[in-house]
Amino acid sequence: MYKEILRYIKEYDSIIITRHLRPDLDALGSQLGLKQLILDNFPHKKVYAVGDMSRKCFLGEMDEIDDSVYDNSLLIITDVSVINMLCDIPYKRAKSIICIDHHHNECNIENAKAFYNVKAAAACQIIAEFAFNNNLYVSNNSAICLYTGIISDTNRFNFSLSKDLFDVCGKLIDLGFNYSEIYNIIYNEKVSNVKMKAYFMDKFIVDENKVAYLKNDAAIFKRFPVDFFSISRGMVNVMANLDGVEIWCNFTQDPENNKIVCEFRSKRIPIVEIAKKYGGGGHLLACGATVDSFEVVDEIIKDFDNLAKES
């Protein structure tokens with residue numbers, strides 16, 4: 001797999017890298033870490049990172065390019081392989097497309113070659129393994145991006161733990177960057193954010209089947225004028241680590257398109273098939289979907305209730 005990815009990269013002088021909408025740090029880390037990796041090892045190539053921005057994007061900036069650049073470029077998509085989660089880009093114009101992903105979804109992006117490692121804890125782990133397996137030079141800038149994505153997607157190794165993961169992290173840390181500063185940036189919180197968490201901690205419901213959930217309509221952004229990510233992804237784990245609760249969900253109405261963005265989490269019961277049922281996907285124990293209404297949300301909760309009872 002890693003040799004074939006390298007073959008694609010060597011073949012093209014123009015490379016565009018993107019990832020999913022509303023990027024988390026694994027999406028950004030894999031995208032920007034790979035961009036830096038390619039530039040460090042193939043300085044003659046033109047490499048662009050494109051997509052929407054995130055409040056957490058301390059790792060780098062996105063590039064603005066003309067659509068015509070796609071015509072003779074390799075498009076690399078990291079941390080996603082399904083079309084409904086792809087950034088709004090003219091991907092069909094790319095000369096070749098490859099996806100590098102670790103989620104449990106089949107690739108449905110037209111004419112794309114998918115490279116999967118569902119055992120990887122993060123897309124950044126795959127990019128790091130790609131670099132080390134091909135004996136590529138990994139600069140501090142690239143290492144910071146890749147380590148940040150791994151730490152974020154595993155929640156400091158709470159969600160995933162393996163020898164392969166630790167081996168990769170050890171190699172990255174040996175490069176000498178200040179990993180403590182990464183933790184400070186990611187996990188230091190403003191007082192206002194802690195108080196916001198307290199609001200959601202008081203608001204969630206635990207039903208008779210021990211499924212916990214939050215329902216947030218668009219009015220929540222008037223109460224808390226923050227970006228969408230801060231509530232949708234940011235508040236799901238206020239329900240984590242509850243005694244007796246195996247599954248928890250956060251449902252947030254997007255004021256821009258009136259869709260409901262769903263975040264699903266589980267301690268031990270695989271839940272990704274339910275995410276797929278509603279057009280989403282992700283990890284076995286951490287995944288999500290986007291649906292049209294809170295009526296559909298109620299159906300999702302029923303599905304999780306049944307799953308909890310069966311388990």
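Predicted model: local features only at pLDDT ≥ 70, side-chain atom pairs only at ≥ 80, totals over all residues.
As for secondary structure, the chain folds into 11 helices and 11 strands. The radius of gyration comes out at 19 Å, close to the 19 Å that the globule rule gives for 311 residues, so the protein is as compact as a globular protein of that length. Laid along its principal axes, the C-alpha trace stretches over about 60 × 40 × 40 Å.

Helix α3 covers residues 123–133 and helix α5 covers residues 163–173, and the two pack with their axes 10 Å apart, at an angle of about 65°. Angles of 65 to 115 degrees count as roughly perpendicular, so α3 is roughly perpendicular to α5. As for handedness, the crossing of these two helices, α3 and α5, is left-handed.

Which residues make the contact between them? On the α3 side, it is Q125, A128, E129 and F132. Helix α5 brings D164, L165, V168, K171 and L172 to the contact. Sorted by class, the contact of α3 with α5 holds five nonpolar residues, three charged ones and one polar one.

How values were computed: Residues numbered from 1 in each chain as written. Heavy atoms only, no water. Axes fitted to C-alpha atoms, helices over the stretch in contact; angles between N-to-C directions. Helix = DSSP H or I, 4+ residues; strand = E, 2+ residues; numbered from the N terminus. Parallel < 35°, antiparallel > 145°, perpendicular 65-115°, else oblique. Left-handed = near helix turned anticlockwise from the far one by under 90°. Contact = heavy atoms within 4.5 Å. Nonpolar A, V, L, I, M, F, W, Y, C, P; charged D, E, K, R; others polar. Rg over C-alpha atoms; globule rule 2.2 N^0.38 Å.
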